[in-house]
Amino acid sequence: MKILVALKRVADPDNANKVKIPPSGEKIETTGLEWKPNPFDEYALEAALRLTEDGKTPKVRAGEVVVVTFGPKETEPTLRAALATGADKAFRVDVGDDKLDGDLVARALKTLIEREKPDAVVMGKQAVDGDSNQVGQILAELLDWPMATFAATIKEEPGALLVGREVDGGVATLRVKLPAVVTVDLRIVAPASVYSLKTAPSFKYNDGVRFAALPAIMQAKKKPLVELKLADLAPDTSLKVHYERFEAPPGRKAGIKVKDVAELVSRLQNEAKVL
């Protein structure tokens, strides 16, 4: 099986307090922010690696994993890290973040997929910066492929994937014929969430994503990393989403303590006007 995984570099959500918005409001100031792979995309990569190996011998790739990201040259460490953990080939589409939206990324991915001809596309359910949750669904529509979103489990079957989707109140199980698009949720990296045809059902993975050892990091430098131009994949680079202005949310007033229930009710009625 050949799987394509889309990765995105995002500002570390744990350092959101460093985000600054200049008075003009034209853009967000990113100086000093720390960058890391989108967590859901890391989970997608781990799922793809599990689907292309026998869990007992993870260093032997039984299939092929191709990773792609859209961004400037500074995003290449994200791809190198993916190659170090087991991916076979990487593509970087050279473009600035401010020149992209979900629709354009999906259109460019469609062209790359038609060239690479993977059996499946596995990606995170959403990016933690924009939280738009669009690219996977748009891509499946453009390709006219079946898809499963919010995947918590994936089991490979001959010519298909059996996917357990997290839904309100439980799990819905879908069988999608290949080729297909799957977007994953955080539980996809549980020890028994993903199985290839080669992995015994009794095998249990370590919880979470894998990390590359130093020799693998050195070997990853020899793996192919191809730079592409956005215009080569999407001749029409127009955007459907435009950000007009950024504004910080209004500051909140400090809370107060009340002496008793009677004062609380009085303030809710007379000040907050909610009763």
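Guide: H2 is mostly covered, with seven of its ten residues buried. Buried here means under 20% relative accessible area, exposed means over 50%, and partly exposed is anything in between (1.4 Å probe, protein chains only). The covered ones are Glu 76, Thr 78, Leu 79, Ala 82, Leu 83, Ala 84 and Thr 85. Just past the end of H2, Gly 86 takes a positive phi of about 140°. As for the labels, helices (H or I, at least four residues) and strands (E, at least two) are DSSP runs, numbered from the N terminus.

A bit of housekeeping: this is a predicted model, where local features need pLDDT of at least 70 and side-chain atom pairs count only at pLDDT 80 or more, while totals for chains, interfaces and linings use all residues. Residues are numbered from 1 along each chain as its sequence is written, and side-chain values use heavy atoms, with hydrogens and water left out.

The largest nonpolar core has 33 residues. Such a core is a set of buried Ala, Val, Leu, Ile, Met, Phe, Trp, Tyr and Cys residues joined through side-chain atoms within 4.5 Å. Val 5, Leu 45, Val 65, Val 67, Ile 154, Val 184 and Ile 188 have the most contacts inside this core. H2 (76-85) is among the elements that each supply at least two of its residues, and so are strand S1 (2-7), H1, strand S4 (64-70), strand S6 (120-124), strand S7 (147-157), strand S8 (160-167) and strand S10 (180-184). H1 makes the largest share, six residues. Another core lies apart from this one, with 28 residues, among them Ala 108, Ile 113, Val 121 and Ala 234.

Leaving aside residues up to four places away in sequence, Ile 188 touches Tyr 43, Ala 47, Arg 50, Ala 151, Ala 152, Thr 153, Ile 154, Ser 193 and Val 194. A contact means heavy atoms within 4.5 Å.

Two of those neighbours lead on to the rings. There are three aromatic pairs in the structure; rings of Phe, Tyr and Trp (its six-membered ring) pair if their centres lie within 6.5 Å, with planes under 30 degrees apart called stacked, over 60 edge-to-face and the rest tilted. Phe 40 and Tyr 43 have ring centres 5.8 Å apart and planes at 90°, so they go down as edge-to-face. They sit three residues apart in helix H1 (residues 39-51), so about one helical turn separates them. Phe 40 counts as buried because its relative accessibility is 12%. Phe 203 and Tyr 205 also make an edge-to-face pair, because their planes are at 90° with the centres 5.0 Å apart. Phe 203 has a relative accessible area of 18%, so it is buried, and Tyr 205 is buried at 9%.

Arg 50 lies over the face of Tyr 205, 4.3 Å from the ring centre. For a charge to sit over a ring, NZ of Lys or CZ of Arg must be within 6 Å of the ring centre and within 35 degrees of the ring normal. The charged end of Arg 9 does it too, over the ring of Trp 35 at 4.0 Å from the centre.

S6 and S10 run parallel, joined by five bridges, with Ala 120 partnered to Ala 180. S7 and S10 are parallel as well, over three bridges, and Ala 148 stands opposite Val 182. Strands pair if DSSP finds at least two bridges between them.

Finally, helix H4 (residues 135-143) has Val 135, Gly 136, Leu 139, Ala 140 and Leu 143 buried. Those residues cover an arc of only 130° around the axis, so they are on the same side of H4; the arc is that of the directions from the helix axis to the C-beta atoms. Their cover includes helix H3 (102-116), S6, S7 and S10. Just after H4, Asp 144 takes a positive phi of about 60°.
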